[in-house]
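Good morning, everyone, and thank you for making time for this.

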Amino acid sequence: MDKKLHIDLQRVPKHVAIIMDGNGRWAKGKGMSRVFGHRNALTAVRESVKAASQINIEAITLYAFSTENWNRPKLEVDALMRLLINSLKKELPDFQKNGVKVNAIGDIESLPKKAQNVLNDVIFQTKANTEITLSFALSYGSREEIVNAIKKISKKVVNKELDLEKIDENTINNHLYTFNLPNVDLMIRTSGEQRISNFLLWQMAYAELYFTDILWPDFRQEHFYDAVIEYQNRERRFGKTSEQLTE
Ligand code: IPE
Ligand code: IPE
Ligand code: MG
């Protein structure tokens, strides 16, 4: 069965965010090291981007490394950074072929210099692509992002570039790492954990949350479409009554 046929192309989420979780448990289940799990995560990334692109989703954001993940064993952190560098290099031709515009959100300057260089290069080379925007959340923490935004806004107020009374939700939006992305409509988390883990707190204020037990390395196009179908079956009321929506 082609799950895509069950999707209403007029009502797809604009922005899907994914917490790619479960690599460690996937590997452990196979008697392998955690890093083996991370190394087997790329297929799921490819499948998700392809699935999203095929139904004309504008933006997809993948939580790849959190501010908290710096506290993992150094060996694992180093392996993740190496994987990031190698995967970006390896995927660049496909990003170009598929019109994928790459973006990054997070405290990018805290990444190793080499990772920053490769990332900036891929962002630069794909900047004219228009099929879909793929953002990698790297050294990303929503609280860090909000603190950073407040600092930038405060500086403008102090320098009299911004009137305190004029600060509104748009001001905050425009100072977040996601300033050029639409709000998140759908958030998917794999591996059965049901929490947000410091991901896009502001941007997910009204997102539909979808949790699946599938471990990230096993996540495929059909699982992505399951989430979109579930999203389309929900009634997004934004505080209104059900009757108001059908009026
Ligand atoms: C997600 O998988 C990938 C990253 C956080 C980098 P995990 O590494 O968290 O895998 P589990 O949750 O331990 O199974
Ligand atoms: C969240 O997963 C971060 C990423 C997927 C990159 P974690 O596995 O680090 O989150 P917790 O510790 O279970 O909340
Ligand atoms: Mg995890």
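Helices (H or I, at least four residues) and strands (E, at least two) are DSSP runs, numbered from the N terminus. This is a predicted model, in which local features need pLDDT of at least 70 and side-chain atom pairs count only at pLDDT 80 or more, while totals for chains, interfaces and linings use all residues. Residues are numbered from 1 along each chain as its sequence is written, chains are lettered from A and ligands numbered from 1 in the order in which they are written, and side-chain values use heavy atoms, with hydrogens and water left out.

Let me begin with ligand 2, whose shell consists of Ile19, Met20, Asp21, Tyr63, Ala64, Phe65, Asn69, Arg72, Arg189, Arg195 and Ser197, each having a heavy atom within 4 Å of the ligand. Strand S2, residues 59-66, gives the most to this shell, with 3 residues.

Which side chains place a polar atom by an oxygen of ligand 2? If we call a pair of N or O atoms within 3.5 Å a polar contact, then Ser197 has a polar side-chain atom 2.6 Å from a ligand oxygen, Asp21 has one at 3.2 Å, and an N or O atom in the side chain of Arg189 is 3.4 Å from an oxygen of the ligand. On its own, ligand 2 has 390 Å² of accessible area, of which the protein covers 78%, as calculated by the Shrake-Rupley method with a 1.4 Å probe.

A pocket, on a 1 Å grid over the protein atoms alone, is an open set of points where a 1.4 Å probe fits, with protein on both sides within 12 Å along at least five of seven lines, and its lining residues have an atom within 4 Å of a point.

This largest pocket holds about 1,100 Å³ of space, and among its 44 lining residues, Met20, Asn23, Ala41, Tyr63 and Ala64 lie nearest its centre. Helix H4, residues 74-97, supplies the largest share of the lining, 11 residues.

Finally, the second largest pocket has a volume of about 230 Å³, and its lining includes Glu169, Trp202 and Phe238.

Notes
A polar contact is a pair of N or O atoms within 3.5 Å; within protein, one must be able to donate a hydrogen and the other to accept it, and residues adjacent in sequence count only if both atoms are side-chain atoms. Grid points are joined across faces, edges and corners, and a volume is the space filled by probe spheres set on the points.
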